[in-house]
Amino acid sequence: MAKRILIIGGGIGGTMTANHLVTKLYPEVSSKNVEIVMLSNSPWHYYKPAFMYVAFNKFFKDELRRPQQSLLRPEIKFIVDEVEEFDFKAGKVRCASGKQVAYDYLVISTGCIPSPERIEGLKEAGDHFYQYQPARNLAKKLMTIEKGRIFVTVNFPKTPNVPHQCGIAPIETTLMLDDLLRKRGVRDNVEIVYTYPTVSQLLRNCLFMQKDTCEVLPTIFEQRNIKYERGFSLASVDPGKKIATSEEGKEADFDILMATPPIRAVDAVLNSGISQAENNEGWLPTNHETMEVYGLENVFVMGDTVDLPISKAGGSCHSQSPVIVNNIASLIRLGHLFDQYDGRVVAIAQMGLEDGMPLWYDYESEVQPTPPNKLGGLMRKGFNRGVYWSVARGLV
Amino acid sequence: MNTTSTTIEETDIPSALSPAGQQGLEELIAKIDPLLAGGRLNRIVDLMSVVADVVDMTDDYMVEKLCKGYEEAIGGLWNAGNLARMASNEVSLLEEPPTVWGLIKMTKDPDVRRGLTFLLFLAKGIGQQNSIPLTED
């Protein structure tokens, strides 16, 4: 009887892990002693960071997605179905179709869901760029605004020391916004206000979740005439009056409210009963080195669903995935785990429409900001358009 | 020309360097000196200039087209390699080659029929590309 490795989620984490498992365990896979199965709720794979570019009219839908099957090695059995319930005791999951899928080893890579409805009035009056349709809606507004005020807010999960989705995205989009409005010739008539909440993971009253980057931001913003404000934790929005109110008691009017919204885990993870996260956010208790879910045997978690203080982004998955692959391989072959995640995150930040800045950090060291430049921008654009798909295929 | 005989200590530039750093710099200058004298280092500067020009000339549209070609090439090779490896493995697991009837029975599998249809359409495409005879003007 073949041992089955079940991967839930066809995002970047699940896809690269499934492909890497085939190559790592090829002797077992080719002799039919190990079977790799992926369950995803969509036949499509979306390059989620490109939703940000959709808001700036830089990507069409078909350019940021590929058929999931085309990104998977043929040895992987791919099933399109939504997981509705985990039965960890019995080692199986139940899907929306009623089908049950058993596993010996489980990898949960189900991402997170933007949930603006968790802040009163935000869904009605706010915009974001973390999904395709909201990004399209935002694009229409950004392309037509002639004068007024664009207010940027960032909302962290209530679970202590857990970041919002893609840590650098609010800065990236604020700088892209400045460039876009300059290109359109309306920048002098549109005020941009970047705000950050009082509590951002372990920092207080900063402009970013890491101190070194926080310290260089005022200079960058002042050079571009972008206003910035610390200590604005969005509490509610009045859609009629277009006023955002903060937990600190401030009020701000806006014409466009570009928000990084609250996030949560998917329903099946929320309902699993395993999470200890606050505010019903659903992050799974994760061993920060082995990437196992605490309290469960042979169950691993990665990407947005973890409760680690690590960016919820593909750049985290890229470093977590090989650790999980090695640990599953060593469990099968040696009976114990042998790899540890060091918290490494690698990315190229899009700093405005043209420039880019490669960055990396881990549990021990923070991002060291370097001057953004066009070469960095070309690297990011090359990644967006081509290299990403090689990463998904497990080639990079 | 006495520049090569001038010691590092006689200049102001490396005063901040450690003795080991000064020695390293001396060695580096000794290596670079013939390249400068022969004009060969100019080629490196020329190359850097060309690279800088390429970076300046490259725009979003060029990146998009280059990356499309990259992805199609890599994706195509990757797919072909994967399928060949999997097919080879399946064949190696057979104790005996299938009989003719066994081969016909394999076509009951819809995926096999899809694959055969793909090959037939591929043959059609090749045929279409070669369907117009070339004659001399």
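**Close-up views of chain A in a predicted model**

**View 1. Strands S17(A) and S18(A).** A:Val237 stands opposite A:Ala244 in S18(A). The two strands concerned, S17 (residues 234–238) and S18 (residues 243–246) of chain A, pair in the antiparallel sense over four bridges, where strands are DSSP runs of E of at least two residues, numbered from the N terminus, and pairing requires that DSSP finds at least two bridges between them. Four residues lie between the strands of this hairpin, and A:Lys242 takes a positive phi near 55 degrees. The model is predicted, with pLDDT of at least 70 needed for local features and 80 or more for side-chain atom pairs to count, while totals for chains, interfaces and linings use all residues. Residues are numbered from 1 along each chain as its sequence is written, and chains are lettered from A and ligands numbered from 1 in the order in which they are written.

**View 2. Strands S18(A) and S19(A).** S18(A) also pairs in the antiparallel sense with strand S19 (residues 251–253) of chain A, over three bridges. In S19(A), A:Ala252 is the bridge partner of A:Ala244, the residue that stands opposite A:Val237 in View 1. S18(A) and S19(A) form a hairpin with four residues between them, and in its turn A:Gly249 has a positive phi of about 95 degrees.

View 3. Of the 396 residues of chain A, 51% count as buried, that is, 20 or more other C-beta atoms, placed from the backbone, lie within 10 Å of the residue's own. Along its principal axes, the C-alpha trace of chain A spans about 70 × 40 × 40 Å.

Key:
Buried ≥ 20, exposed ≤ 12 C-beta atoms within 10 Å, placed from the backbone.
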